Protein chains: 2
Amino acid sequence: MAETVGLLGGGVIGGGWAARFLLGGWDARLYDPSPDAERVAGEMLANARRALRRLTLAPLPEEGALSVVRTPEEAADGAAFVQESAPEREGVKRDLLAAASRAADASVVFASSTSGLLPTRLAADMEHPERLTVGHPFNPVYLLPLVELCGGERTAPETLERAAAVYRGLGMRPLVVRREVDAFVADRLLEALWREALWLVADDVATVEEVDDAIRFGAGLRWASMGPFLTYRIAGGEAGMRHFMEQFGPALQLPWTKLTDVPELTGALLDTLAAQSDAQAAGRGVRELERLRDDCLVSVIQGLRAHDFGAGAVLAEHERALFAAAPAAGPGGDEAPLRLHSAVVAPEWIDYNGHAHESRFLQVFGDTTDALLRFIGLDLGAGGSYFTVETHMSHLGQARAEERLNTTTQLLGHDEKRLHVFHSLYRTGDGALLATAEQMLLHVDTQAERAAPAAPELLARIERIAAAHAELPRPDRAGRAISIPA
Amino acid sequence: MAETVGLLGGGVIGGGWAARFLLGGWDARLYDPSPDAERVAGEMLANARRALRRLTLAPLPEEGALSVVRTPEEAADGAAFVQESAPEREGVKRDLLAAASRAADASVVFASSTSGLLPTRLAADMEHPERLTVGHPFNPVYLLPLVELCGGERTAPETLERAAAVYRGLGMRPLVVRREVDAFVADRLLEALWREALWLVADDVATVEEVDDAIRFGAGLRWASMGPFLTYRIAGGEAGMRHFMEQFGPALQLPWTKLTDVPELTGALLDTLAAQSDAQAAGRGVRELERLRDDCLVSVIQGLRAHDFGAGAVLAEHERALFAAAPAAGPGGDEAPLRLHSAVVAPEWIDYNGHAHESRFLQVFGDTTDALLRFIGLDLGAGGSYFTVETHMSHLGQARAEERLNTTTQLLGHDEKRLHVFHSLYRTGDGALLATAEQMLLHVDTQAERAAPAAPELLARIERIAAAHAELPRPDRAGRAISIPA
């Protein structure tokens, strides 16, 4: 049976919690004095459903039910967990938590979404204050995994453990803050950056957009996978954190931020930094960490490219420039067959059999087709392109990592809309034929999204290739259908 | 003909520049007094080649040649652009730039990689100081697009324009800093966060790993696509930046960071923040921005999942828990056709046309074949496996990033060594048929490396599937050969 969470406060954070709990299979009872609370929670839930559908194919539990109630006591009544997300004013939070604590069973754990207020003070008027912890999430609550836990003077250790278990069940990553300090860990970092950002705008050094760009095209891409310490350890090279601190420690004395009160880099602090950084690296050397960092960066940038946003938009624009700069036409087209492409088998192409996956051969054939299209003078900006409509591949051999491959291309036929081509893929080292691909390409008007004749200058180039290929023997494997021999 | 860049200083930054320029088709002349310079640059180049091969399928220019020279003058001689990346000490940089400036043509632009020193002072001893700008990159230089440009008192405007053009040609995103201030824009933000991070460790509030976790599981995931201002605008909801500042402005007075010197939130500053934030949003409403933010977050987290790292590892673990909690299924093979596989179009599958690359469809078909082989009970340890010998694909539609796909499988024929199958690939959302793949699989004795009959228990399972599929109509697209219609 579904458990119930009591939610004190809707809005962006409380509504986000509602979405995460509901999609995690919990029922939710939401108290918020605003008449908009139900609408905001509904919008958050719609966002969260959309995001989660994209995020994972894993089987999700049945979505819980949301009910909006009229008092904090009603929200807490019968709840197995209570999450408070009222505005960031101590008195408001204290009163809500106190009222709800009187309606909840003594065993029910309470968590506050506060960004930085101290849990000892928030719990002051509660019945059973030992069951309050900070449970500080990050917007959007339904997507970001981090939740900071921080106990007050009277918080019981098991309160932290039980809250962490609830959050883990929702797919989150609890971080227990070991000392009760204002703003905990994450918001101390965010607030320092945010205050500096406000100074940059106030001093007219940068606009808000320039500040954002200074993050999202640079360090922000790293911070998606690695925080500052591991990043700087890698920048320190083989000598690691201690070397990095030797290089950049002196800059701490420079007026490079408004935060000019800096900790003294004593030997003891340097020892702590180096030892904790070694523990974090867990035996991984700098080369391994560099590869991990780069792999994560590549995936992050490619992810953003799909949305043509931020660093992904920069990559997409650069790729367009690279395609435009690639030699559109090399030789005259009199080579028979054409030799237009070569490639190296990348390590990530290898499947569990130790050979390049069959789809990677099609990738090489696709690149060969792209090279052919550039060769005949196709201009991607001109509103037309060739799309592959059929491919017939034959697999004759295997390729291993780092082997060099090259392809040849024979034009089998054409009309004003079609290109019928036959590619062969060889291992360059010994000339072994590894695969063939017969393809039918159709010229499409990309605006109207339908088949259309290619431009006359393309057709002229195609005619020239066809003439050069007219005397080539037809490959054995062309024109075949697949069947089991009788 | 390739142009030449003169590089003053190797190391992590100078070596990174070498890799970016070389892979961008420039020749490079590197001066560095360290005997390790050539090795470090070579390692950077190996990293960069690996990263770039994963990042893009676009046609790259021919890689340039690296030569290591013995003086700064030799590095600058004949160069079209000079990039200085010496250690962060003003005197060292001034001397290098002065020496190199005497060897370079007066028209050659110089850029310094300094993280925060003032260009007016760095140019003081140069011949033609009007051609120096800051060109501050971020590690790894060969992957991160951001480069900050900042001129000094004597820098000519065209120096900034020409440097920006060089960097854009290398796929970078120049950000011109409008006022000459210590640490420019990005490093003021990074340094504020970094100093706060050092305080957290010095005060024993958090370890270096906990500080990193507080970033990479939370705000760091947002910062990969959006900086703080746009993020907070969205958090402000429909009322935007002004509303956010009303809510969180008062917290600026709280001791939430060591940076307690905060700008006064005057009416004029609030007006500036609101107006610049409106300009940044460019008419996009909060719902649209929320979707963009969420789409980017989903792609970033999925990208990290591929490396089982950071937030991606949290997701992967949660998915394992969800799968473990889901009711177990397992048809007996009587389903006709079989439904064995589903997938989501990953962002990195998208090519320059904005659709999934054709090879990725074959990847999904290959995964479907793998699912079929597991379904019939193939044990990879048993010395036999099925290899694909022929594939005939038909492309009927396009798939975009994040779309869900599912496949069906029909057994068309079999004998003791062969499986003749027909897969269909659908977009789950609207059921559109996007592609089909007819495949012939051959059973191979993997020790002897030749075709061999499959084991009797596999054949029994195949017979059962064949019986269930006997009445299915043969797909229209099965058994076809490729040809241009008459």
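Me: Which residue is the bridge partner of M393(A) in β10(B)?

Reply: In this predicted model, M393(A) has T391(B) as its bridge partner.

Me: Which strand of chain A pairs with β10(A), and over how many bridges?

Reply: Strand β13 (residues 433-445) of chain A pairs with β10(A), residues 384-395, in the antiparallel sense over 11 bridges. Within this pairing, T388(A) is bridged to L441(A).

Me: What stands opposite L441(A) in strand β12 (residues 418-427) of chain A?

Reply: L419(A) stands opposite L441(A). The strands β12(A) and β13(A) are antiparallel and share nine bridges. Five residues separate them in their hairpin, where G431(A) adopts a positive phi near 70°.

Me: Why does β14(A), residues 450-451, count as paired with β13(A)?

Reply: The threshold is at least two bridges, and two bridges join β13(A) to β14(A), so the pair qualifies. D445(A) stands opposite R450(A) in β14(A). The hairpin has four residues between the strands, and E449(A) in the turn has a positive phi of about 55°.

Me: Why is α12(A) called roughly antiparallel to α12(B)?

Reply: The axes of the two helices, each spanning residues 286-305, come within 8 Å and cross at roughly 150°. Angles over 145 degrees count as roughly antiparallel; therefore α12(A) is roughly antiparallel to α12(B). The crossing is right-handed.

Me: Which residues make the contact between α12(A) and α12(B)?

Reply: From α12(A) come C296(A), S299(A), V300(A), Q302(A), G303(A) and L304(A), and from α12(B) come C296(B), S299(B), V300(B), Q302(B), G303(B) and L304(B).

Me: How many residues of each class does the contact of α12(A) with α12(B) have?

Reply: It has six nonpolar, six polar and no charged residues.

Me: How many residues does each chain bring to the contact of chain A with chain B?

Reply: Chain B brings 151 residues and chain A brings 147 residues. On the side of chain B that touches chain A, helix α7 (residues 186-202) of chain B gives the most, with 17 residues. By class, that side of chain B divides into 83 nonpolar, 37 polar and 31 charged residues.

How values were computed. Residues numbered from 1 in each chain as written. Chains lettered and ligands numbered in written order. Predicted model: local features only at pLDDT ≥ 70, side-chain atom pairs only at ≥ 80, totals over all residues. Axes fitted to C-alpha atoms, helices over the stretch in contact; angles between N-to-C directions. Parallel < 35°, antiparallel > 145°, perpendicular 65-115°, else oblique. Left-handed = near helix turned anticlockwise from the far one by under 90°. Contact = placed C-beta atoms within 7 Å. Nonpolar A, V, L, I, M, F, W, Y, C, P; charged D, E, K, R; others polar.
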